[in-house]
Amino acid sequence: MDMGDAESVLQAVRVLRQGGLVAVPTETVYGLGADARNELAIRHIFAVKRRPASHPLIVHLGDASWVPSWARVVPPVAHQLAEAFWPGPLTLVLRRHARVLDAITGGQDTVALRVPAHPLMRQLLTSFGDGVAAPSANRFGKLSPTTAEHVRSDLGDDVDFVLDGGPCAIGIESTIVDVTTGSAAILRAGGVSKERLEDALNASIRMGATSGIRAPGLLASHYAPRAGVVLAEPSEVRAKVDDLLRSARKVAFLGSNAVDLPPGAKHFPISLDSSAFARDLYATLREIDSQRFDVVVVTPPPGSGLGLAIRDRLTKAAAGR
Ligand code: TXA
Ligand code: MG
């Protein structure tokens, strides 16, 4: 029998207090959470993820009022963005407070902070009362999980407790914004679009890291399914599929429009609307992997709104082959 949500949250808090690992639901993707003040628990996250120590973790907070115990400088632009988008899919990179563990920051002078919006995660953070460090709950370089079932099948017994909050509403990771310079620069496109950030600040925002800041997810193999990923505009799909069928055994097509596909290729429909596309993308790629397709041809949505983050992930996945 399922525990009630309140009981599950209490159990998750107990596991965190004991230094264990809890898979946590957020509105973006599931995280692999641990007490951000417990160095052994943090090391355990890296071991389970098989992630190099040079890739720092996001610390999740219950409220923006917790920021001063994690960051020593909070410039006006950080206040503006927190006010506009927290709780929500936005991560701010700030100058770290001296007490933040090196294990979290990879020894850097900065820390990534986010106040997530998922109601169960908010309850968990409020009951726990301190920061929860959590990367996405997948092995390093693989697809982020968007359901509790994905976490269980990826990590199995390596996670002590899975807090099941249902499927993630956004489905793609948070937008990471560096505010250490006093102005905003997007390090990773994500669940808050560039347009919305610019609207909130009434200014245009740079893409990419300034020197001295490590850019996340630059490894080519990041965000990749097992199947090879090939990007195609709608007019190119048929020719690419035909070409791939000559060499690959099983070819999937992920796109909105019903292209006239040759026998041997299978269509996985997905909405052209970028929010729906983001929500369904990782789950559909997992389904394509579980049906053992060798390659997937994808027509991405337009590059505006969440389309920018989707194109970023798919381009990285395509480069990984
Ligand atoms: O939506 C999300 O952001 C999810 C949920 C669980 O919150 N988390 C997530 O974490 O995607 P992760 O670890 O898979 O990706 C976080 C990225 C990493 O690429 C890491 O390098 C970068 O954030 N990062 C963390 N701290 C940083 C810092 N101080 N400076 C620059 N990048 C940082
Ligand atoms: Mg990740």
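Asn 38 caps helix 2 at its N-terminal end, with a side-chain oxygen 3.1 Å from the backbone nitrogen of Leu 40; a polar contact of this kind is a pair of N or O atoms within 3.5 Å, and within protein one atom must be able to donate a hydrogen and the other to accept it, while residues adjacent in sequence count only if both atoms are side-chain atoms. Helices (H or I, at least four residues) and strands (E, at least two) are DSSP runs numbered from the N terminus. The structure is a predicted model, in which local features need pLDDT of at least 70 and side-chain atom pairs count only at pLDDT 80 or more, whereas totals for chains, interfaces and linings use all residues. Side-chain values use heavy atoms, without hydrogens and water, residues are numbered from 1 along each chain as its sequence is written, and chains are lettered from A and ligands numbered from 1 in the order in which they are written.

The buried residues of helix 2 are Ala 41, Ile 42, Ile 45, Phe 46, Val 48 and Lys 49, where buried denotes under 20% relative accessible area, exposed over 50% and partly exposed in between (1.4 Å probe, protein chains only). These residues pack against strand 2 (31-35), helix 4 (102-105), strand 6 (132-133) and helix 6 (148-155). Ile 42 is in contact (heavy atoms within 4.5 Å) with Ala 34, Asp 35, Ala 36, Leu 57, Leu 101, Ala 103, Ile 104 and Ala 133, leaving aside its neighbours within four places in sequence. In the largest nonpolar core, which has 66 residues, Ile 42, Leu 81, Leu 92 and Leu 113 touch the most other members. A second, separate core comprises 27 residues, including Ala 189, Leu 254, Ala 278 and Val 296. Such a core is a set of buried Ala, Val, Leu, Ile, Met, Phe, Trp, Tyr and Cys residues joined through side-chain atoms within 4.5 Å.

Most residues other than glycine have a negative phi, and most peptide bonds are trans. Trp 86 and Pro 87 are joined by a cis peptide bond with omega of about -5 degrees, Pro 87 being placed in the loop between helix 3 (76-85) and strand 4 (90-95).

One aromatic pair was counted, under the rule that ring centres of Phe, Tyr and Trp (its six-membered ring) lie within 6.5 Å, with planes under 30 degrees apart termed stacked, over 60 edge-to-face and the rest tilted. Phe 268 and Phe 293 form this edge-to-face pair, at 5.5 Å centre to centre and 90 degrees between the planes. The pair connects strand 13 (residues 265-269), which holds Phe 268, with the loop between helix 9 (274-290) and strand 14 (295-298), which holds Phe 293. Both Phe 268 and Phe 293 are buried. Lys 250 lies over the face of Phe 293, 4.5 Å from the ring centre, and the charged end of Arg 37 sits over the ring of Trp 70 at 3.7 Å from its centre; the criterion is NZ of Lys or CZ of Arg within 6 Å of the ring centre and within 35 degrees of the ring normal.

Ligand 1 is surrounded by 23 residues, of which the closest are Thr 28, His 60, Ser 136, Ser 174 and Arg 188, a residue being counted if one of its heavy atoms lies within 4 Å. A polar side-chain atom of Ser 136 lies 2.9 Å from an oxygen atom of ligand 1.
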